[in-house]
Amino acid sequence: VSDVTEPGTVEPEEVEIIQPNNPIIKSMYTADPSAHVWDDGRIYIYASHDTDPARGCDLMDRYHVFSSDNMVDWIDEGEILSSDDVEWGRPEGGFMWAPDAAYKDGTYYFYYPHPSESKWNDSWKVGIATSKFPDKDFTDIGYIEGMGGDAMIDPCVFMDDDGKAYIYLGGGGKCVGAELNEDMISIKSEPVPMEGLDDFHEGTWIFKRNGLYYLTYPDNHGGNGNRMKYATSDSPLGPWEYQDVFLDSTGCDTSHGSVVEYKGEWYLFYHNKAISGTGNLRSVCVDKLEFDEDGKILMVEQTLD
Ligand code: FUB
């Protein structure tokens with residue numbers, strides 16, 4: 001009797017989701033992860049990239065994309081954009097900060113904050129690069145008119161179930177949002193302030209669960225570093241009802257996260273300093289995000305290997 005199965009007689013198994021071993025990106029320093037699940041069933045992380053040896057945020061000058069189908073084995077899909085590719089950008093380059101991505105009608109849109117002038121903190125814009133692929137061939141096509149300026153960083157693009165897309169931007173205590181036009185590269189009307197947040201710092205992320213909109217963000221908590229908080233609303237542009245802290249400080253100079261559902265579970269992507277021990281040499285991590293029966297987010301347990 002043989003227990004060897006005939007080739008071709010077994011259906012391929014579903015890929016098993018394994019407990020992440022944080023930090024999940026170990027090959028380079030990465031931060032500000034924006035995670036998305038695209039039509040190919042893989043999960044992609046669009047992240048910023050810290051410069052080693054540590055030099056703060058000014059030398060951050062390129063983006064890499066990572067993908068996985070099990071949350072543990074992450075492929076570095078390579079560099080997708082650098083400040084050298086941005087014609088309208090600050091002449092000295094650098095300052096390629098927390099990005100996001102969206103997909104519509106066969107095109108991937110990559111949104112990134114970048115200053116257009118040497119006097120960087122006054123001149124932030126939301127750059128846009130597009131591609132037919134999620135992980136390569138991105139070309140810069142300019143920036144969104146009518147958004148940006150003083151400390152306005154960290155674009156987040158949220159695609160609602162009805163096909164409407166919204167963009168959020170914020171820093172220095174201000175958070176604004178606007179509906180995008182069908183073209184995904186211009187806004188329908190003036191950005192409006194997101195009301196009801198408590199101690200907003202930067203790093204907006206929006207998701208929707210059971211019909212409720214969630215806005216997550218790092219606060220201004222000092223000492224050991226920002227914590228992540230969230231607020232909820234019945235509308236993508238608020239007003240928001242502040243809820244609670246759901247991620248404690250990770251020991252980095254800043255915090256920044258994204259939330260995504262993958263294969264029936266919810267996850268929080270964030271960064272810590274577990275590899276470098278240095279607050280501005282960050283590494284992307286992921287942990288499960290859980291909710292109570294009223295939709296409140298439970299405190300995230302930060303795991304390591
Ligand atoms: O990584 C550069 C900046 O630090 C990001 O844009 C902020 O969200 C903070 O994480």
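**Ligand shell, annotated sites and backbone geometry**

Asp32 is located in strand S1. In this predicted model, phi of Asp32 is near 55 degrees, a positive value in a residue that is not glycine. Asp32 has 31 C-beta neighbours inside 10 Å and therefore counts as buried, the threshold being 20 or more. Asp32 also belongs to the residues around the ligand, together with Ala31, Ser48, Cys57, Trp97, Ala98, Ile153, Asp154, Glu202, Gly203, Thr254 and His256. By class, this shell comprises five nonpolar, four polar and three charged residues. At least two shell residues come from strand S1 (30–37), and at least two from strand S9 (153–159).

The unreviewed UniProt entry assigns the feature "active site" to Asp52 and Glu202. These positions span 151 residues in sequence, and their farthest two C-alpha atoms are 23.6 Å apart, so they do not all gather at one spot. Glu202 occupies the loop between strand S12 (192–193) and strand S13 (205–209). With 27 other C-beta atoms within 10 Å, Glu202 is buried. Beyond residues up to four places away in sequence, Glu202 touches Ile153, Asp154, Gly170, Gly171 and Pro218; Ile153 and Asp154 are themselves among the residues around the ligand.

Asp52, by contrast, is exposed, with 12 other C-beta atoms within 10 Å. Asp52 lies in the loop between strand S2 (43–49) and strand S3 (62–68). When neighbours within four places in sequence are set aside, the contacts of Asp52 are Tyr29 and Leu281. The peptide bond from Asp52 to Pro53 is cis, with omega near 5 degrees, and Pro53 is likewise in the loop between S2 and S3.

Another cis peptide bond joins Asn22 and Pro23, where omega is about -15 degrees; Pro23 falls in the segment before S1. Most residues other than glycine have a negative phi, and most peptide bonds are trans. A positive phi of about 50 degrees is found at Asp105, which is not a glycine. Asp105 sits in the loop between strand S5 (100–104) and strand S6 (107–115). Whereas Asp32 is buried, Asp105 is exposed, with 6 other C-beta atoms within 10 Å.

Strand S9 also takes part in an open sheet of four strands, ordered S9-S10-S11-S12 with antiparallel pairing. S9 and S12 form the edges of this sheet, each pairing on one side only. The pairing of S9 with strand S10 (residues 165–171) is antiparallel and extends over five bridges, with Ile167 in S10 as the bridge partner of Val157.

Antiparallel pairing is also found between strand S14 (residues 212–218) and strand S15 (residues 228–233), over six bridges. Pro218, a contact of Glu202, has Met228 in S15 as its bridge partner. S15 pairs in turn with strand S16 (residues 241–247), in the antiparallel sense and over five bridges; here Thr232 stands opposite Glu241 in S16.

The largest nonpolar core contains 75 residues, of which Ile45, Phe110, Leu215 and Leu268 touch the most other members. Apart from residues up to four places away in sequence, Ile45 is in contact with Pro33, Ala35, Val65, Phe66, Phe269 and Val284.

Definitions and conventions:
Residues are numbered from 1 along each chain as its sequence is written. This is a predicted model: local features need pLDDT of at least 70, side-chain atom pairs count only at pLDDT 80 or more; totals for chains, interfaces and linings use all residues. A nonpolar core is a set of buried Ala, Val, Leu, Ile, Met, Phe, Trp, Tyr and Cys residues joined through C-beta atoms within 7 Å. Two residues are in contact if their C-beta atoms, placed from the backbone, lie within 7 Å. A residue is near a molecule or strand if its C-beta atom, placed from the backbone, lies within 6 Å of it. Ala, Val, Leu, Ile, Met, Phe, Trp, Tyr, Cys and Pro count as nonpolar, Asp, Glu, Lys and Arg as charged, and the others, Gly among them, as polar. UniProt positions are given in the numbering used here, feature names are shortened, and annotations may be inferred rather than shown by experiment. Two strands pair if DSSP finds at least two bridges between them.
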